Amino acid sequence: MRILITGGAGFIGSTIAEQCVSAGHDVTVYDNLTTGNRANVPATAGFIEGDIRDSDRLLKAFKGIDVVVHQAARVSVPDSIADPVGFWDVNVVGTRCVLESARRCQVRRVVLASTAAIYGPGSLDAAREEDAPRPASPYADNKLLNELDAAYYGQHLGVETICTRYFNVYGPRQRPDSPYAGVVSIMSAKLRLNEPLTIFGTGQQTRDFVYVEDVARTVLGFCEIRNAVHDVINIGTGEPTSLLALVDTLGRILDREPRLVHAGPRPGDVLHSVANVTRLAARTGAVPATPLDWGLSRTLDWIGGSVGQIAL
Ligand code: UD1
């Protein structure tokens, strides 16, 4: 199958690219390298440097492609509050360009990265796909609009669409060198460097941490399944972990006592987030199951190898 991955030089996209290559598919990565890294792209994959808002470039790139895996996006909740117009431009306009170019090039399917942030402030109950969305940040709002766009293209314009609502994806290649990076990469890098860890709020907030290779395997499965019209599916483990428990586990793996600094809660932060994985299990027959300890060890190994190049 010919698969094109937008954002395929980034953390999640490049892991998907690797697994698609291993499964024998013909892979092209499309990325503007703002946060992605060319070195992440598998050697046997094609590479096109381009922006997802550049329709002309997309139309050329999508010729002959069977499946587009759309991962390119700006992804930080606090960053989206600071720059709501910039986020709209990349995430909403960019995704519309991807869907419309896919339609015009007769791409059979688009698998789109969505987010658990759509569920909003959060309760301790596991979030189900049919729950009413309550986006609490421009980022979450952008992704909800992407899902609506995908539903329209899937149900009315003949492009099969599958939206994967990622919970908190972590693992190697998630860059820690930005205040907007994911918490696992930030905490892993700071612990490695023996720096204090900032906890926003009480630290009792929970997240469903899902290992990037499990996510990539699931997305590959959605490229390969036979039929789809439009679908929305949670990708998580179904297991909540508090921030304090996460930091404890990282400290235990490194045999180091974390030094914590408490700060006020972060604007737009969701208190609790955990996936109901019933639909995921029904569609794929499997739920991400990499143990957190194992995935965190791999992440710490990767951060350890990159720590010299990281400026926190
Ligand atoms: C993350 C993703 C988002 C995804 C969502 C799905 C990133 C950057 N964001 O958002 O794209 O859609 O999961 O659930 O990967 N925290 C600290 N100290 C820090 C950094 C973070 O206490 O130094 C806290 C935050 O306040 C938050 C939690 O850790 O409560 C997780 O933060 P973060 O990794 O940024 O993820 P989300 O906001 O959940």
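A crossover is right-handed if, with the strands pointing away from the viewer, the path from the first strand over the helix to the second runs clockwise. The model is predicted, so that local features need pLDDT of at least 70 and side-chain atom pairs count only at pLDDT 80 or more, whereas totals for chains, interfaces and linings use all residues. Residues are numbered from 1 along each chain as its sequence is written, and side-chain values use heavy atoms, with hydrogens and water left out.

**View 1. The β-α-β unit of E1, H1 and E2.** Strand E1 (residues 2–6), helix H1 (residues 11–22) and strand E2 (residues 26–31) make a right-handed β-α-β unit, where helices (H or I, at least four residues) and strands (E, at least two) are DSSP runs numbered from the N terminus. E1 and E2 pair in the parallel sense over 5 bridges; two strands pair if DSSP finds at least two bridges between them. Arg-2 stands opposite Asp-26 in E2. Of the 5 residues of E1, 4 are buried, where buried means under 20% relative accessible area, exposed over 50%, and partly exposed in between (1.4 Å probe, protein chains only). Tyr-30, which lies in E2, is buried, with a relative accessible area of 1%. The C-alpha atoms of Tyr-30 and Asp-248 are 38 Å apart in space, and the two residues are 218 apart in sequence.

View 2. In the order E3-E2-E1-E4-E5-E6-E11, 7 strands form an open sheet with parallel pairing. Strand E3 (46–49) and strand E11 (230–235) are the edge strands, each pairing on one side only. From one strand to the next, the twist averages 20°; angles run from 0 to 180 degrees between N-to-C directions, and axes are lines fitted to C-alpha atoms, for helices over the stretch in contact. Helix H7 (residues 212–224) packs on the sheet and touches E1, E4, strand E5 (109–115), strand E6 (160–166) and E11. Contact here means heavy atoms within 4.5 Å. The direction of H7 makes about 150° with that of E5. Within the sheet, E1 and strand E4 (residues 67–70) pair in the parallel sense over 4 bridges, and the bridge partner of Leu-4 in E4 is Val-68. Strands of a sheet pair through backbone hydrogen bonds, either parallel or antiparallel.

**View 3. The packing of H8 and H10.** Helix H8 (residues 243–254) and helix H10 (residues 292–306) pack at an angle of about 65°, with their axes 10 Å apart. H8 passes H10 in a right-handed crossing; a crossing is left-handed if the near helix is turned anticlockwise from the far one by less than a right angle, and right-handed if clockwise. From H8, Leu-246, Thr-249, Leu-250, Arg-252, Ile-253 and Leu-254 meet Asp-293, Leu-296, Ser-297 and Leu-300 of H10. The residues of this contact divide into 6 nonpolar, 2 polar and 2 charged; Ala, Val, Leu, Ile, Met, Phe, Trp, Tyr, Cys and Pro count as nonpolar, Asp, Glu, Lys and Arg as charged, and the others, Gly among them, as polar.

View 4. Asn-168 lies in strand E7 (residues 168–170) and counts as partly exposed because its relative accessibility is 25%. Not counting residues up to four places away in sequence, Asn-168 touches Arg-207, Asp-208, Phe-209 and Val-210. Asn-168 and Ser-273 are 105 residues apart in sequence, with a C-alpha to C-alpha separation of 8.8 Å. Asp-79 is found in helix H3 (residues 77–82) and counts as buried because its relative accessibility is 15%. Leaving aside neighbours within four places in sequence, Asp-79 is in contact with Arg-74, Phe-87 and Tyr-180.

View 5. Asn-194 has a positive phi of about 60° although it is not a glycine. Asn-194 is placed in the loop between helix H6 (183–192) and strand E8 (197–200), and is partly exposed, with a relative accessible area of 47%. Asp-255, also a residue other than glycine, has a positive phi near 55°. Asp-255 belongs to the loop between H8 and strand E13 (260–263), and is exposed, with a relative accessible area of 72%.
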